[in-house]
Amino acid sequence: MPTETFEFQVEARQLLQLMIHSIYSNKDVFLRELVSNASDALDKLRLEALRDDTLGVEVSDLHIEIEPDREARTLTVRDNGVGMSHEEVVRLIGTIANSGTAAFLRELKEAADSTTAEGLIGQFGVGFYASFMVAEEVTLLTRRAGEERGTRWTSTGEGTYTIETVDEAPQGTSVTLRLKPEDTEDRLYDYTSPWKIREIVKRYSDFITWPIRLVQEVPPPAAGEPEAQSQSQAQDGEGDDGTTPAEETGPEVLNSMKALWARPRSEVTDDEYHELYKHISHDWNDPLETIRLQAEGTFEYQALLFIPAQASRDLFLQGYKRGVQLYVKRVFIMDDCEALMPPYLRFVKGVVDAQDLSLNVSREILQQDRQIQLMHRRLAKKVLSTVKEMMTAAPERYATFWEEFGRIVKEGLLSDFENRDAILGACSFASTHDGEKPTTLAGYVERMAEGQEHIYYLNGESRQAVENSPHMETFRERGIEVLLLTDPVDEVWVDTVPEFEGKQLRSVAKGDLDLDEAGKKDEDDEERSRREESYAPLVTWMSGHLADRVKQVRLSARLTVSPACVVSDSGDVTPALLNMYRAMGQELPEVKRILEINPGHPLVEAMRTALGDGQGDTALEETAELLHDMALLAEGGEPGDRSRFVRLVADRLQRAL
């Protein structure tokens with residue numbers, strides 16, 4: 001069949017160049033990546049064979065083989081798994097179908113050290129390409145189960161690759177690496193050495209559930225050496241080339257194939273858990289936390305879950321594959337079982353092995369299965385309780401967790417009402433109490449002044465924007481703590497959580513404000529009434545003049561420095577939330593807001609005087625408009641008519657000169 005030559009996708013070519021030039025110090029992991037891919041192919045074949053009786057494949061001896069050839073300087077990793085079709089090879093090899101590729105490559109090039117680079121590679125997941133760290137040329141031969149013809153893919157990683165259809169190819173996939181010369185100073189070892197292969201497999205892939213076999217040809221006797229002498233050396237334990245008898249008598253199984261989740265904790269090291277996590281997640285970093293769970297009784301299952309140390313780049317993208325691996329009695333059933341983990345814990349990776357499910361269970365059946373629903377609830381509770389424990393037992397790890405996954409966890413406040421208290425207990429928030437450390441809601445409540453009835457918060461784009469908001473002025477003056485909520489999801493969940501430990505959550509930018517409850521009474525009712533009466537004409541006049549812009553004008557109890565601010569009514573949608581709905585294609589009617597003016601500000605006092613002197617002319621009207629526009633700007637909004645605003649400001653500046 002004709003051979004076709006293709007060019008690598010630009011991003012793939014750049015990534016290959018980085019691999020070829022050895023940005024990653026630990027090159028041994030290339031074998032882990034190839035073995036992991038082979039294991040996935042075997043899992044998929046067994047699953048397809050269970051679900052499709054007509055596939056006609058043999059699954060009684062599924063395995064992985066590693067075959068080194070010292071003379072040819074090649075290493076082959078092959079499996080008899082599901083294989084790939086010609087179309088799959090074209091689609092999967094030679095392109096990187098991952099958004100954010102360009103940003104990833106830029107960060108990778110700018111990485112200051114190898115540790116940073118390793119972490120970035122782990123985030124991106126580029127397993128197959130790791131082969132080019134150790135190989136001058138890579139050849140992939142594959143045939144999909146159920147198809148007659150195979151496909152051969154070959155490349156040196158220098159910009160192009162070739163693909164050809166072959167008439168004869170064994171079912172499954174084999175990857176043959178023509179290895180680079182050994183260079184121990186660059187950590188490029190002899191990967192044809194049986195000892196080195198054993199070491200890598202034992203360290204990274206011992207838990208793989210399929211046998212990993214080392215295939216070695218029996219070397220012919222050296223010139224002048226009787227065959228009996230060669231056999232004698234084998235019986236003594238090791239030949240001259242460092243091989244052992246097992247290698248010389250046929251394939252040697254290198255891995256124990258023990259399911260880590262089924263073994264007692266005392267028999268498993270942290271390193272073994274970490275390698276299982278890397279196999280499952282295709283992450284090259286150790287997990288942040290490991291969670292074990294074993295349920296016994298009427299419904300038995302074992303779970304081994306992992307919280308990553310870093311959020312993956314596509315975690316917030318539509319189509320992100322979430323969920324954990326599902327096994328039934330150690331038989332792999334599916335990747336990404338969404339029914340076992342709620343969307344707000346979609347970053348959790350791991351394995352759940354159930355004893356009483358059918359092997360032929362489908363995703364649709366899982367959604368309705370009562371036992372799966374029970375597992376779902378218990379797994380969610382276990383993860384949340386583990387995070388809560390991290391707060392006190394490992395505060396640094398918790399801080400890392402919250403930085404990476406906090407805004408995702410808060411999504412659960414909108415959907416998982418059963419676990420709402422547990423989610424709130426695992427949350428932390430920036431606060432005016434401490435410029436560095438976040439606080440829990442429980443910590444806020446403990447610090448509340450006597451008589452304070454509400455938990456106060458303010459939403460905004462950043463901590464700086466929130467702290468500088470006019471709405472914060474009286475709270476800062478009185479020393480009342482305010483939570484600073486800057487994640488987009490905060491705009492939504494605060495309206496769905498009525499209270500925490502009997503204390504209502506209340507925005508400092510919504511509704512009428514009465515802080516007398518905090519034990520600091522500003523002024524008696526008589527003085528307040530006198531002030532309201534004094535400013536009533538201005539308030540009435542401004543309400544009429546700005547009627548097309550605002551719902552109401554009133555005196556403010558929030559302001560101490562700024563002349564004015566805009567607030568939303570208690571039950572109204574905030575501008576930020578309105579913009580979020582519109583971004584999702586949901587048009588909502590415009591909501592008028594309330595303009596609050598500061599009676600103690602010189603500008604507002606001057607406006608009252610001007611109105612009392614009968615100066616309610618165009619200049620005063622323009623001043624009222626500017627006051628409203630400045631209040632919008634102060635909270636991060638913008639004037640309704642920007643060109644008019646600029647003209648009025650320019651006119652005022654000209655008069656001032």
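# Close-up views of a predicted model

**Figure 1. At a relative accessibility of 10%, Phe-299 counts as buried.** The model shown in this and the following views is predicted. The relative accessibility of Tyr-301 is 4%, and this residue likewise counts as buried, because the limit for that class is under 20%.

**Figure 2. Aromatic pairs are present in the structure, 14 in number.** Phe-30 and Tyr-191 make up one of them, with an edge-to-face arrangement in which the ring centres are 5.0 Å apart and the planes stand at 80°. Phe-30 belongs to helix H2 (residues 29–51), whereas Tyr-191 lies in the loop between strand E7 (172–179) and helix H6 (194–204); the pair therefore ties together parts that are 161 residues apart in sequence. Phe-30 is buried, its relative accessible area being 0%. Tyr-191 is also buried, with a value of 2%. A further pair is formed by Phe-299 and Tyr-301, whose ring centres are 5.7 Å apart; their planes meet at 45°, so this pair is tilted.

**Figure 3. Phe-347, Tyr-398, Phe-401, Trp-402 and Phe-405 form a cluster linked by ring pairs.** Leaving aside residues up to four places away in sequence, Phe-401 touches Phe-347 together with Leu-288, Ile-307, Val-387, Met-390, Gly-406 and Val-409. Phe-347 and Phe-401 are also among the residues with the most contacts inside the largest nonpolar core.

**Figure 4. The largest nonpolar core comprises 76 residues.** Those with the most contacts inside this core are Leu-305, Leu-340, Phe-347, Val-352, Phe-401, Ile-455 and Trp-493. Helix H11 (residues 370–393) supplies the largest share of the core, 9 residues.

**Figure 5. Charged side-chain ends sit over the rings of Tyr-189 and Tyr-535.** Over Tyr-189 lies the charged end of Lys-196, at 4.3 Å from the ring centre. The ring of Tyr-535 has the charged end of Arg-608 over it, with 4.6 Å to the ring centre.

**Figure 6. The second largest pocket has a volume of about 1300 Å³.** Its lining is made up of 48 residues, of which Pro-575, Ala-576, Arg-593, Glu-635 and Gly-637 are the closest to the pocket centre. Two or more lining residues come from each of strand E17 (454–459), helix H15 (463–467), helix H19 (575–583) and helix H21 (618–634). Among these elements, H19 gives the most to the lining, with 6 residues.

**Figure 7. Met-341 is placed in the loop between strand E13 (331–337) and strand E14 (349–354).** With a relative accessibility of 1%, Met-341 counts as buried. Its C-alpha atom is separated by 8.1 Å from that of Arg-322, a residue 19 places away along the chain. Beyond residues up to four places away in sequence, Met-341 touches Arg-322 as well as Leu-305, Val-324, Val-348, His-376 and Leu-379. Leu-305 is also one of the residues with the most contacts inside the largest nonpolar core.

**Figure 8. Lys-410 is found in the loop between helix H12 (395–409) and helix H13 (420–426).** Lys-410 counts as buried, at 3% relative accessibility. The distance from Lys-410 to Ile-423 is 7.3 Å, C-alpha to C-alpha, and the two are 13 residues apart in sequence. When residues up to four places away in sequence are not counted, Lys-410 touches Trp-402, Cys-427, Phe-429, Asp-487, Val-489, Asp-490 and Trp-493. Of these contacts, Trp-402 belongs to the cluster of ring pairs, and Trp-493 is among the residues with the most contacts in the largest nonpolar core.

Terms used
Residues numbered from 1 in each chain as written. Predicted model: local features only at pLDDT ≥ 70, side-chain atom pairs only at ≥ 80, totals over all residues. Heavy atoms only, no water. Phe/Tyr/Trp six-rings, centres within 6.5 Å; stacked < 30°, edge-to-face > 60°. Helix = DSSP H or I, 4+ residues; strand = E, 2+ residues; numbered from the N terminus. Buried < 20%, exposed > 50% of the residue type's maximum accessible area, 1.4 Å probe, protein only. Lys NZ or Arg CZ within 6 Å of the ring centre and 35° of its normal. Core = buried A, V, L, I, M, F, W, Y, C linked by side-chain atoms within 4.5 Å. Contact = heavy atoms within 4.5 Å. 1 Å grid on protein atoms, 1.4 Å probe; cavity = no way out; pocket = protein on both sides within 12 Å on 5 of 7 lines; lining within 4 Å. Points joined across faces, edges and corners; volume = space filled by probe spheres on them.
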